Amino acid sequence: MTQINSNFLNLQGSYLFSEIAKRRTKFIQDNPQAEIISLGIGDVTRGLPEAVTKAMHAAVDELAVPGTFRGYGPEQGYDFLVNAIIENDYKARGVDIKSNEVFVSDGSKCDVGNIQEIFSTDSIVAVQDPVYPVYVDTNVMAGRSGLFDSGIGRYENIVYLDCTAENDFKPSLPDRKVDLIYLCYPNNPTGMTLTKDELKVWVDYARENNCLILFDSAYEAFITEADVPHSIYEVEGAREVAIEFRSFSKTAGFTGIRCAYTVVPRELKGFDKDGSEVVVNDLWNRRHTTKFNGVSYVTQRGAEAIYSAEGKEQISGLVDYYMTNARIIRDGLASLGLEVFGGVNAPYIWLKTPKGMDSWAFFDKLLSEANIVGTPGVGFGQSGQGYFRLTAFGSRENTEKAVERIRNLSL
Ligand code: MLT
């Protein structure tokens, strides 16, 4: 008899965005005439930038002939892309990253989900609450959580760092020893940020307490305010304690193309069971080369094109478009008296549900009365109860229509 990994039985319900998709499909089946506006999962809607498609077409042509054909590439990414990342995303901000510290991959969801594999299953994990569910679920699958306590809606061995309006969505430092801390800034789902000084508190804490920060920076391109750091490595000492995850998904419309990267500095050390230091970069490289065969050449040429002058201009147009949507949602909902957060340095608007409604009840109300799909805050954790997330990644027309429909609801 084949025994399964019983940790999987400890997972709660289905993955948040699958559950939302299921409810959306059911609603459409029951109401085929409804004109649904999807502002749930953060999926982009504009086309790929022209610079990207041009580069990808050229790359496809190269692959058609033996002289320029390419098979397996380096698992960590081609030099042309790695160098463009280092020059533009780091050097331009005064951060020094070496080429053997960048690992190109097929998405941040995979990277933030896989990274935990290289740490002990005894590691104590801290997450912000609300939180991108992948951080928690992948640690549950690995057996790092205790049982789920349905009374409080949380796993036993996971340390939850509350982020609510009461603390301006800024978590306090853990009140017990932890090993791995997941931080996401600009934050998904709240859309809120930390200043450089506030982030330094976390870097100093990790250095003093021998823990690592897993810093998800997938929404970095949407930062508009000057005191918000774009990379955790802008903070002194972060190279010794932080791994950073970046994605092309939202910045350049790559949600369907798939390309991202992870930075693991050489200074970052873990410990073996005898207390000897281990270079984490070596282990991630080992894992990456064993389990992954690299992102396609065509995709990497497309990603490289984002850093051309033409590409940068087009990307900036995309970001402006989505951030204008964010302002339309934010201002529109605020004018109705709703409490809204985020949407200034991130493409997510986090709102307090009216009259203290439960998050899923508000989801149902919005879907049935306004035909709008959003994301219930509680789906991101208990501290998200009574909150709701809308994405700014819709089309302008749908964004404006959605705000108008909400205006017509009785809230
Ligand atoms: C979200 O909506 O939170 C994200 O788009 C999901 C993801 O990036 O996997």
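**View 1. Buried residues of helix H3.** Phe 80, Leu 81, Val 82, Ala 84, Ile 85, Ile 86, Asp 89 and Tyr 90 are the buried residues of H3 (buried: under 20% relative accessible area; exposed: over 50%; partly exposed: in between; 1.4 Å probe, protein chains only). They pack against strand S2 (102-105), strand S9 (242-247), strand S10 (260-263) and helix H9 (297-305), where contact means heavy atoms within 4.5 Å. Helices (H or I, at least four residues) and strands (E, at least two) are DSSP runs, numbered from the N terminus. The model is predicted: local features need pLDDT of at least 70 and side-chain atom pairs count only at pLDDT 80 or more, while totals for chains, interfaces and linings use all residues. Residues are numbered from 1 along each chain as its sequence is written, and side-chain values use heavy atoms, with hydrogens and water left out.

**View 2. Span of helix H3.** The 12 residues of H3 (residues 79-90) should span 16 Å at 1.5 Å a residue, and the end C-alpha atoms are 15 Å apart, which agrees. The expected span is 1.5 Å times one less than the number of residues.

**View 3. Two cis peptide bonds.** Asp 129 and Pro 130 are joined by a cis peptide bond with omega about 10 degrees; Pro 130 lies in the loop between strand S3 (125-129) and helix H5 (133-141). The bond from Tyr 185 to Pro 186 is also cis, with omega near -10 degrees, and Pro 186 is in the loop between strand S7 (180-184) and helix H6 (196-208).

**View 4. Positive phi at Asn 210.** Asn 210, a residue other than glycine, has a positive phi near 55 degrees. Asn 210 is in the loop between H6 and strand S8 (212-216) and counts as exposed because its relative accessibility is 55%.
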